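Student: I would like to learn how to read the features of a structure. Please take me through some of them.

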Amino acid sequence: MKTYRKQLFRLAAPIFIETLLFMLLGVADIYMLSQYNDLAAGAVGAANQLINNLNLIFAIVSAGTAVLVAQNVGAKNKLEIERVSSVSIVMNLILGVCISLPMLIWGEEILQLMGVTSDLMVHAGSYIRIVGGALFLQALLNTAAVIIRSHGYTKQTMLISLGMNILNIFGDAVLIFGLFGAPVLGAKGVAIATTASRFLATLVAYGFLFKKVVPAEMFRHILDKPKQVLKNLVKIGLPAAMENMSYSVSQTVVMSLILISIGEVSYVTRTYAWSICWFAFLFAIAIGQATQIMVGQSVGAKRIDEAYKIGLHNFKISFVLSLFTGLGLFLFGENLIGIYTDNPEIIAIGAATLAVDAFLEPGRTFNIVFINGLRGAGDVIFPVVMAMISMWILGVGVGYFFAVVMGLGLPGFWIGFALDEWVRGFSMYLRWRSKKWKDKSLV
């Protein structure tokens with residue numbers, strides 16, 4: 001167990017810091033915009049909901065790449081690593097361009113279909129055109145990051161993320177508030193800073209990728225059995241992405257229901273609450289991603305019992321940490337929402353919502369750790385089937401019942417989310433204990 005703990009810390013600590021930096025960036029964006037205008041903060045939240053959904057299309061390739069590269073690292077199959085890496089980079093670049101162009105042209109129209117109001121659109125329009133129009137950069141960066149991380153270089157992706165976040169936050173401050181004589185651009189300034197820092201991070205990531213991880217000459221393999229590589233990428237990546245997509249789309253539906261049924265104040269509160277909730281499951285995200293790498297490499301090396309023990313060991317650590325973070329949300333929810341705003345209505349709704357989230361987080365840990373473990377082993381169908389059933393019936397349906405029918409407002413939706421996380425999470429735990437995933441490897 002000491003060996004597992006040491007390996008987990010080596011992989012998870014940099015992922016934790018990298019994810020923390022990513023979350024701090026989101027918080028910094030929302031915080032600075034909240035000081036500029038509450039509606040601007042809500043507008044960026046709405047635009048990012050759409051962007052997050054689109055990023056899940058890239059995740060089809062990225063998720064498959066992460067699993068296949070990790071398993072082949074465990075199997076010490078260098079040629080197959082280069083095949084998978086080259087095909088995945090080119091494929092995500094093509095997808096990125098195909099998605100960026102519609103965002104550049106029709107981004108505002110799509111946001112209108114999502115229910116974004118005219119008051120929010122004043123701020124969301126320019127944001128979606130700039131950030132959405134450059135989504136191909138995110139596609140390229142995601143692909144490079146999973147290849148690097150699956151080789152165990154989690155420290156390096158952390159450092160790239162650190163540099164990107166520092167540049168982004170500095171750019172936000174300058175362009176939102178007009179520092180150093182710059183124009184006051186609000187949400188548009190956030191979009192420019194985000195895109196510029198992402199561009200520089202992509203350049204650095206590919207410099208490291210080709211220098212230390214895989215050679216640039218790997219693209220000579222792109223015509224070497226590309227159909228088989230794509231088939232394997234989609235076989236793993238599509239179900240994995242569909243599970244995330246189901247969650248993201250369900251959240252988009254909830255967002256629209258909030259705007260339509262309980263108003264803009266609750267929507268803005270949701271934006272603030274979500275930026276706080278991300279921190280509550282930060283440990284689970286880091287441990288989950290490390291678990292996927294550890295399980296993938298163990299399964300690739302045919303060490304099934306080791307993979308099984310890793311999953312349980314890592315979950316126990318994550319679960320204990322989630323209890324502490326949940327307690328913090330329960331006790332200090334009002335103070336945390338108060339960081340963003342002094343609006344008493346938003347603070348009251350937000351504090352009640354975070355109190356419910358305190359009970360949600362331990363259930364979420366089951367999902368994050370065991371789904372990543374199952375994914376690392378190649379077992380991706382079961383999680384997506386459970387997601388389709390539980391998220392929509394409990395997360396959306398029951399959440400709507402409590403929020404709108406019972407009149408509980410935003411905390412009512414969170415009750416539905418909590419039921420979904422616990423029911424789905426316990427099913428993942430039972431799946432892991434059954435070991436039905438042991439024969440799902442593609443190596």
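Tutor: Start with Asn-314, which is found in helix 11. Helices (H or I, at least four residues) are DSSP runs, numbered from the N terminus. The model is predicted, so local features need pLDDT of at least 70 and side-chain atom pairs count only at pLDDT 80 or more, while totals for chains, interfaces and linings use all residues. Residues are numbered from 1 along each chain as its sequence is written, and side-chain values use heavy atoms, with hydrogens and water left out.

Student: Is Asn-314 buried or exposed?

Tutor: Buried means under 20% relative accessible area, exposed over 50%, and partly exposed in between (1.4 Å probe, protein chains only). Asn-314 has a relative accessible area of 0%, so Asn-314 is buried.

Student: Which residues is Asn-314 in contact with?

Tutor: Contact means heavy atoms within 4.5 Å. Leaving aside neighbours within four places in sequence, Asn-314 is in contact with Leu-8, Ile-287, Thr-291, Met-294 and Val-369.

Student: Which residues touch the most other members of the largest nonpolar core?

Tutor: A nonpolar core is a set of buried Ala, Val, Leu, Ile, Met, Phe, Trp, Tyr and Cys residues joined through side-chain atoms within 4.5 Å. The largest one here has 68 residues, and Leu-33, Leu-111, Tyr-127, Tyr-272 and Trp-414 touch the most other members. Helix 2 (residues 38-75) gives the most to this core, with 10 residues. A second, separate core of 27 residues includes Leu-8, Ala-286, Tyr-308 and Phe-370.

Student: What does Leu-111 touch?

Tutor: Not counting residues up to four places away in sequence, Leu-111 touches Ala-46, Ala-47, Leu-50, Val-116, Met-121, Ala-124 and Ile-128.

Student: How do I read a pair of helices? Take helix 8 and helix 14.

Tutor: Axes are lines fitted to C-alpha atoms, for helices over the stretch in contact, and angles run from 0 to 180 degrees between N-to-C directions. Angles under 35 degrees count as roughly parallel, over 145 as roughly antiparallel, 65 to 115 as roughly perpendicular and the rest as oblique. The axes of helix 8 (residues 226-262) and helix 14 (residues 410-434) come within 11 Å and cross at roughly 160 degrees. These two helices, helix 8 and helix 14, are therefore roughly antiparallel to each other. Among the residues making the contact are Tyr-247 and Val-254 of helix 8 and Phe-413 and Phe-417 of helix 14.

Student: How do helix 3 and helix 8 cross?

Tutor: Helix 3 (residues 78-113) has an axis that comes within 10 Å of that of helix 8, and the two cross at roughly 80 degrees. Helix 3 and helix 8 are therefore roughly perpendicular to each other. The contact includes Val-84 and Met-91 of helix 3 and Pro-226 and Leu-233 of helix 8.

Student: What is there to read in a phi angle?

Tutor: Most residues other than glycine have a negative phi. Lys-76, in the loop between helix 2 and helix 3, has a positive phi near 60 degrees. Lys-76 counts as exposed because its relative accessibility is 74%. Phi of Lys-302 is also positive, near 65 degrees. Lys-302 lies in the loop between helix 10 (282-300) and helix 11 (304-338), and is exposed, with a relative accessible area of 55%.
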